[in-house]
Amino acid sequence: MTTSLAHAAAREAAARRYVKRRNLAIRTGSIALLFLAWEIGGMFTPRIFLAPFHDTVLAFWKLTKDGTLLTATANSLSVLLAGLAISVVFGALLGLLMGRYLRFNWMIGPYVNGLYATPTVALLPVLSLWLGLYAGPKIAIVVLLAIFPIIKNTYAGVITVGQELLEPAVSMRASEFQIARLVIAPAIIPFVMAGLRLSVGRGIVGLVVGEFFTAQTGLGGLLVRYASSFRTAEMFVPIIVLVAAGYGLTSLVVLLQQRLAPWKETERDQGL
Amino acid sequence: MTAIDDIALQAERARIRRTKIDRVLIVVCTFIGFLAVWEIAGRLSNPLFFAPVSDVVREFWLSLLDPRGRLLNGLVETLSVLVPGFVIASVLGVALGVLMGRSNLGFQILDPYVTIFYNTPRVALIPLLLLWIGVGDPLKIVIVILAAIFPVSVNTMVGIRDVSAQFTEPARSMNATESQLLRKVILPATFPYVVAGIKLGLGRALTTVIVAEFFVSVSGLGGILQATSSSYQMAKMFAPVIILAAMGVAIDGLLTYLERSVLRRYRS
Amino acid sequence: MTVPTVDAATPPKLAVENIQKTFFKSVKDDVVGIPVLNGVSLSVSQGEFVSVIGPSGCGKSTLLRIIDGLIQPEGGRVLVDGRIVSGPGSDRAVVFQYFGLYPWRSVLRNVEFGLELKGVPAKERQEIALENIAQVGLRGFENHYPHELSGGMRQRVGFARALSLDPQIILMDEPFSSVDEQTRELLQEQLLELWSATRKTILFITHSIDEAVYMANRVVVMGARPGRIVEEITVDLPHPRTSEVRALPRFGEIRAHAWEILKKGIRESAELNAAA
């Protein structure tokens, strides 16, 4: 009886291992195909259109060694992180005030909604006129793209902080300030983080556009420079770093989300 | 007893009425204040950097009245790539999403690509595509597709995977075929997700097409923005911004309405 | 309406006098009022355990919130020791149906919460909290988070939090309705033990007739639409209440009587609704 059960379990485990390995093989094969096509395509295409994949790998190595890539990445990341930090602080604050004070919501809600729906990159030309050529317009455009998901999510969080969290505190005679600090602030953290998760991707778009069209610095600047001189092997290097930065930062936010609000995870597991 | 109820009811009615009036007053006053600050700041500042709202409105109105003017032409140019690009992206995106949601093989093959492209800032591909496709409408259409397809496909996939057994079990027990299950149960149940994906995708497409027009800078609303700002025509520069904001808000409002009316039926 | 006779010298611990409450609902462009409570009066003496039962929608949870001061009534008043209640106070504490715990706080910090709001120094409130956590049998779980606990354990945290505020009256809003049957019986026993040890005044809302009779000295039966008190039944069952009490013929009689009244109330309100 028990041995047959053990057998069945072992069989099941083996089957699961097989499926896992097979899936991994398919995924690896699928992505390897892309690089293979890139390599072969690059060999038969004029270099001004596409260089073989191994040239990009070499370019990556060369740009890393001479420090170009590091400088550009540091430059871009500092703009991005500054923009995201400003967005989190002011986005959370505005969302909190909008959710808590109806009149404040009436005042600024229409503008927040309008700007969220507007392609705010359209403001870049005027921002670069106003804020000069340094980091100013870049940070501003990152904020203009990144802040709205945070405001909206925080607002939604404050609105959904239900009676279930407010009633006990009111019953124990919490003051308005205590409710804000001890109930609403911790309750909205997961919502702020969910907003930030959306903001990372939008912020990177803002960053790249800023680097394209104001002073050409950072990864976006490198990209434009290589593109305009047809250095196709080098051109992919900043693109790869940007994809990695987007993926890395988003994963970091998810990790932070799980650390700061472990209860949300369980709630999702239980389908609540 | 009825007297108390009646007084309370009157008080409640009055309270709701007051709230409504308050809301209108606050919204209108804030808007007037906003315009006033813009006007005064515009008059006080250097005309090379900022324009009062009255000038902006006048310029806007004049360019709307001129049927051969740049603004309307630009709008038509932008829409003529946005609409076809977006239709293609939606159809392909849903197909891709269904493939990934229903077939493990499809998922394993496509998922690495979707993960990469979902995390790629779309605008970073513009210089590359310029090189490959050259300046012109095909470039912009490809860019719109690249910007919009992934939100649609990812949402469709997630929606399909989330379809609850509450929906599929009755159909299965009534001997639905695989294709019936997909057409009659799974896709309708996934519809709200698809609408949400389309909303996200359209927003991204709009942003990306403007950036592409910044690059090419001869056509479309983005081109007008580039041209007017580099020649310091502040009042003219705000016209495309207003149109883009209106477009964004209109698209968003329409899809939000669709989302809500669909969701209402799905709740029950 | 009968107003309970109040001895001028010693007012009852809790007096509820002629409470009126209406909820408003938006219907298109207008609002309609729905009477929730209509002339509810009740008197509870020190150390009494009173259950309130009634069909859903009879306003029993609303009544509890009015007594706590979370909701203001349109008419009538609530008195504790003869003093009018105008809002939540430290003489009353609520145990909520949904537990009312904060997911980002550990068990200890949840139990400390009310004391923290009152400004009790950290060391002192920790002492009080630990004592009450031990009293509800959760020693060793101080650093767990609510999402790691079962429903029954979460509700015991809710108890401990109410107890640590040392209120005179504990208001319980269907506290066991979200836990399974076995856990429910264990929690009932534990609550009865705590009650006989502390002699707090308890107002206990439930939708289970069995639970109402088993726990209380007195069962208040409410009717719906509008919510009102239909009858009060004195439960003359012996203490301590153990599971044997449930087997007594008298328990069955009271239970059957309560059910009759409840049914009558439901039927009457259906007739009232039909007439309206």
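Reader: What covers the buried residues of H2(C)?

Author: In this predicted model, the cover includes helix H7 (163-171) and helix H8 (176-213) of chain A, together with helix H3 (122-135) and helix H4 (151-164) of chain C, where contact means heavy atoms within 4.5 Å. Helices here are DSSP runs (H or I, at least four residues), numbered from the N terminus.

Reader: And which residues of H2(C) are buried?

Author: They are C:Val107, C:Leu108, C:Asn110, C:Val111, C:Glu112, C:Phe113, C:Gly114, C:Leu115, C:Glu116 and C:Leu117, with buried meaning under 20% relative accessible area, exposed over 50% and partly exposed in between, for a 1.4 Å probe and protein chains only. That makes 10 of the 12 residues of H2(C), residues 107-118, so the helix is largely enclosed by the rest of the structure.

Reader: What follows H2(C)?

Author: C:Gly119 does, and its phi is positive, near 85 degrees.

Reader: Before I go on, which confidence limits apply?

Author: As the model is predicted, local features need pLDDT of at least 70 and side-chain atom pairs count only at pLDDT 80 or more, while totals for chains, interfaces and linings use all residues. Residues are numbered from 1 along each chain as its sequence is written, chains are lettered from A and ligands numbered from 1 in the order in which they are written, and side-chain values use heavy atoms, with hydrogens and water left out.

Reader: Switching to chain A, at what angle do H2 and H10 pack?

Author: Helix H2 (residues 53-65) and helix H10 (residues 232-260) of chain A pack at about 70 degrees, with their axes 8 Å apart, the axes being lines fitted to C-alpha atoms over the stretch in contact and the angles running from 0 to 180 degrees between N-to-C directions. H2(A) and H10(A) are therefore roughly perpendicular, a label for angles of 65 to 115 degrees.

Reader: Which residues meet there?

Author: From H2(A) come A:Asp55, A:Thr56, A:Ala59, A:Phe60, A:Lys62 and A:Leu63, and they meet A:Ala233, A:Glu234, A:Phe236, A:Val237, A:Ile240 and A:Val241 in H10(A). The residues of this contact divide into 8 nonpolar, 1 polar and 3 charged, where Ala, Val, Leu, Ile, Met, Phe, Trp, Tyr, Cys and Pro count as nonpolar, Asp, Glu, Lys and Arg as charged, and the others, Gly among them, as polar.

Notes
Helices (H or I, at least four residues) and strands (E, at least two) are DSSP runs, numbered from the N terminus. Angles under 35 degrees count as roughly parallel, over 145 as roughly antiparallel, 65 to 115 as roughly perpendicular and the rest as oblique.
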